[in-house]
Amino acid sequence: MLRVSSQTMQERYDGAAITGGRGAAPTGVPHGDELLAFAEAVVARDERAIEEARERLIAAAGPRATVDAAGVIANFHRMTRIADGTGIPLDERMLKASAPEREALGIDAFDRRRRR
Amino acid sequence: MTDDRAPADPLRDSELPLRDDLVAGHAAAWRHVARSGAWWNGVERVAIAAATRDAWSCAACDRRAAALSPEIEVSEHGRGVAPELQAHLAEPVVDAVHRLVREPARLSRRCSERLFASGAVSPAAYAELVGVVTQAVSLDALHLALGIGPAPLPEPEGGEPSQYEPQGLAWEDAWVPMILPANLGEAERDLYGDPTGNVVRALSAVPDEVRAMKALSAAQYIAIEQMRDYVGGERVGRAISRAQMELVAGRISALHECFY
């Protein structure tokens, strides 16, 4: 999704920012560092870090963008657990589409066969 | 209830410019949690949401998270949130809730098979449990992100579980049965888009959980019908682009070590 949307917007992204996090690689996305910091703080459930990251994102991108980023963060707290909790396999369509990213990012290391 | 902004909803008091559809989506999601489902009644569903909140501070879960293997035995889980409601949940159910909240990446087929073998939960009831837990986790995550105190748990509604079983359920490679797109019955024609990902089908053993998941996703993220809009931003009513959304989504997934 990120690859396609970045190409559509003629932005250059580096997938290492996804696996490595803030500072690992340029995100290639406007306010990418602030967005990553916000996401990472919420996953860590560190209220002080969340407040700092939220204020930085508000200053950089505005309050509406911050609310929408929080919505995405919340949504993927749900979707990841639906996938992990039900043991669904990756769809054939997504397997094909994501092959370059999985290889580049080493995502295949999260081999679901190990979860049996 | 017709007011989508319930008086007790702390989202309403935020100084941040929350979209009306986001606030309404959260209110609708909590009402869904409070209603009797297919396999759990309203009391049990709100109890599952209470257990979801307890998991974050559960000492037994802390010990398991620190252990090399998620298979270690732990003593009783904490039930500090709404204990009178959680008294309706068997210990294997609370354990399943806590595992899903705290260590989703360490869940395994063995965990679900052991749960089903315990007799505490059928595969379809487990799918509904996943639906309730994940709704509660994501509702609370938005509050946490925005520095807003948690919403009060909803008052459980009455009624018995419908025990509704949709047409076309089949066992594939997942830990729960799902409806194949080609097998959708008339009553479930609204469930899937075209094409449909497995993450949408995952809860289809309980069709109302799919509907609730789609509705909340439309409020927090984008609607399934907008998934092929790779520009995003204002054209889908959002202040961030699709690329910015997917950067956040990808990072959250990586932090959760989600294979999907």
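Let me start with Ser204(B), which touches Pro166(B), Leu169(B), Met178(B), Ile179(B), Leu191(B), Tyr192(B) and Val210(B), leaving aside residues up to four places away in sequence, where a contact means heavy atoms within 4.5 Å. Residues are numbered from 1 along each chain as its sequence is written, chains are lettered from A and ligands numbered from 1 in the order in which they are written, and side-chain values use heavy atoms, with hydrogens and water left out.

Where does Ser204(B) lie? Ser204(B) sits in the loop between helix H8 (198–201) and helix H9 (207–220) of chain B, helices being DSSP runs of H or I with at least four residues, strands runs of E with at least two, both numbered from the N terminus. Its relative accessibility is 0%, so Ser204(B) counts as buried, a word that here means under 20% relative accessible area, with exposed meaning over 50% and partly exposed in between, for a 1.4 Å probe and protein chains only. Glu234(B) is 30 residues from Ser204(B) along the chain, and their C-alpha atoms are separated by 32 Å.

Staying in chain B, helix H7 (residues 123–146) has 24 residues and reaches 35 Å from its first C-alpha to its last, close to the 34 Å expected at 1.5 Å a residue, the expected span being 1.5 Å times one less than the number of residues. Just after H7(B) comes Gly147(B), with a positive phi of about 70 degrees. Helix H10 (residues 242–255) of chain B is also mostly covered, with 13 of its 14 residues buried, and Glu257(B), which follows H10(B), has a positive phi near 50 degrees.

Turning to chain A, we find seven helices and zero strands, and 50% of its 116 residues are buried. How confident is the predictor about chain A? The mean pLDDT of chain A is 84, and 78% of its residues reach 70 or more, on a scale of confidence in each residue from 0 to 100. Where pLDDT is low, the predicted coordinates should not be read in detail.

Finally, how do the chains meet? The axes of helix H5 (residues 63–86) of chain A and H9(B) come within 8 Å and cross at roughly 150 degrees, which makes H5(A) roughly antiparallel to H9(B). By class, their contact has six nonpolar, four polar and two charged residues. The axes of H4(A) and H7(B) also come within 8 Å, but cross at roughly 70 degrees, which makes H4(A) roughly perpendicular to H7(B). Here Glu47(A), Ile50(A) and Arg54(A) in H4(A) meet Leu144(B), Ala145(B) and Leu146(B) in H7(B).

Methods
Predicted model: local features only at pLDDT ≥ 70, side-chain atom pairs only at ≥ 80, totals over all residues. Axes fitted to C-alpha atoms, helices over the stretch in contact; angles between N-to-C directions. Parallel < 35°, antiparallel > 145°, perpendicular 65-115°, else oblique. Nonpolar A, V, L, I, M, F, W, Y, C, P; charged D, E, K, R; others polar.
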